[in-house]
Amino acid sequence: MATIVIIGASRGIGLETVKAGLAAGHQVRALARSAASIPIDDPRLQKITGSALSREVVETALEGADAVLQTIGVTSPRELMFGTTLFSNSTRILIDVMEAAGPKRLIAVTGIGAGNSRGRTGAVYDYLLFPLLLQRIYADKDVAEDMISKSTLQWTIVRPGGLTSGAATGRYRVLPDMKDWRFGFISRADVADFLIKQVDDLALVHKTPLLIS
């Protein structure tokens with residue numbers, strides 16, 4: 001079993017990934033500003049309270065680890081309206097630490113509409129929902145994706161569709177080929193299931209799969 005670091009672990013996909021990682025038998029280090037609030041007690045879980053924007057915190061979390069799963073997100077109305085630099089700034093720190101002395105396996109979550117998936121997932125999402133709600137946030141995700149793709153790491157960039165709070169089903173589609181990309185929904189728990197499977201599976205290294213149910 002591996003020692004994995006989950007960045008952005010206290011809620012959403014990150015929290016589901018903590019659960020999935022423990023269920024798979026991994027040693028899990030959960031890094032988040034509110035890591036202490038993670039409602040899980042397990043001897044294989046280490047809760048690390050700190051910021052993904054602190055190089056010192058990231059270095060400590062990654063020491064001796066085998067893989068990193070980056071699941072950070074933003075939800076505040078201000079960030080949705082005016083944008084953010086959280087994704088690019090935290091990714092720059094993470095890549096620098098990993099390339100210098102850290103693990104080489106990086107599984108990073110962005111989202112449908114990031115990078116070259118923009119404009120390929122259906123008219124309603126591409127021309128209504130995305131520009132109204134997500135464009136400013138995704139501008140920074142694009143910068144982060146570009147950094148990752150130019151790194152020397154064994155990276156996989158994961159782009160889930162619209163997220164739901166449903167249970168894990170194990171029945172979801174992994175679409176690495178651009179010709180197959182389209183909008184769809186997927187539960188956070190199923191995204192987490194996929195992320196954990198990528199820790200040991202290198203078939204999608206240097207790929208950008210889209211996930212939908």
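Begin by selecting alanine 108 and isoleucine 157 in this predicted model: isoleucine 157, in β6, is the bridge partner of alanine 108. Now extend the selection to strand β5 (residues 105-109) and strand β6 (residues 154-160), which pair in the parallel sense over five bridges. As background, strands of a sheet pair through backbone hydrogen bonds, either parallel or antiparallel.

Next, display the sheet to which these strands belong. Eight strands make up an open sheet with mixed pairing, in the order β3-β2-β1-β4-β5-β6-β10-β8. Which strands stand at the edges? They are β3 (45-49) and β8 (173-175); each has a single partner strand, so one side of each is left without a neighbour in the sheet. On average, neighbouring strands of this sheet are turned by 20 degrees against each other, direction ignored.

Select helix α2 (residues 55-62), which lies across β1 (3-7), β2 (27-32), β3 and β4 (67-70). The helix runs at about 170 degrees to β2. Arginine 55 counts as partly exposed at 38% relative accessibility, as does glutamate 59 at 37%.

Move to serine 51, in the loop between β3 and α2. Is this residue buried or exposed? Serine 51 is buried, because its relative accessible area of 13% is under 20%. Its side chain reaches the backbone nitrogen of leucine 53 at 2.9 Å. Leaving aside residues up to four places away in sequence, serine 51 touches Arg33, Val57 and Val58.

The next selection is helix α6 (residues 188-197). Seven of the ten residues of α6 are buried, among them Phe194, Leu195 and Ile196. Lysine 197 forms a salt bridge with aspartate 193, with the closest N and O atoms 3.0 Å apart. Lysine 197 is partly exposed, with a relative accessible area of 47%, and aspartate 193 also counts as partly exposed, at 22%.

Finally, select lysine 150 and aspartate 146, whose side chains meet in a salt bridge (3.1 Å, N to O). Lysine 150 is exposed, with a relative accessible area of 64%, whereas aspartate 146 counts as partly exposed at 36%. The structure holds ten salt bridges.

Key
Residues numbered from 1 in each chain as written. Predicted model: local features only at pLDDT ≥ 70, side-chain atom pairs only at ≥ 80, totals over all residues. Heavy atoms only, no water. Pairing = 2+ DSSP bridges. Helix = DSSP H or I, 4+ residues; strand = E, 2+ residues; numbered from the N terminus. Axes fitted to C-alpha atoms, helices over the stretch in contact; angles between N-to-C directions. Contact = heavy atoms within 4.5 Å. Buried < 20%, exposed > 50% of the residue type's maximum accessible area, 1.4 Å probe, protein only. Polar contact = N/O pair within 3.5 Å; in protein donor to acceptor, adjacent residues only side chain to side chain. Salt bridge = Lys/Arg side-chain N within 4 Å of Asp/Glu carboxyl O.
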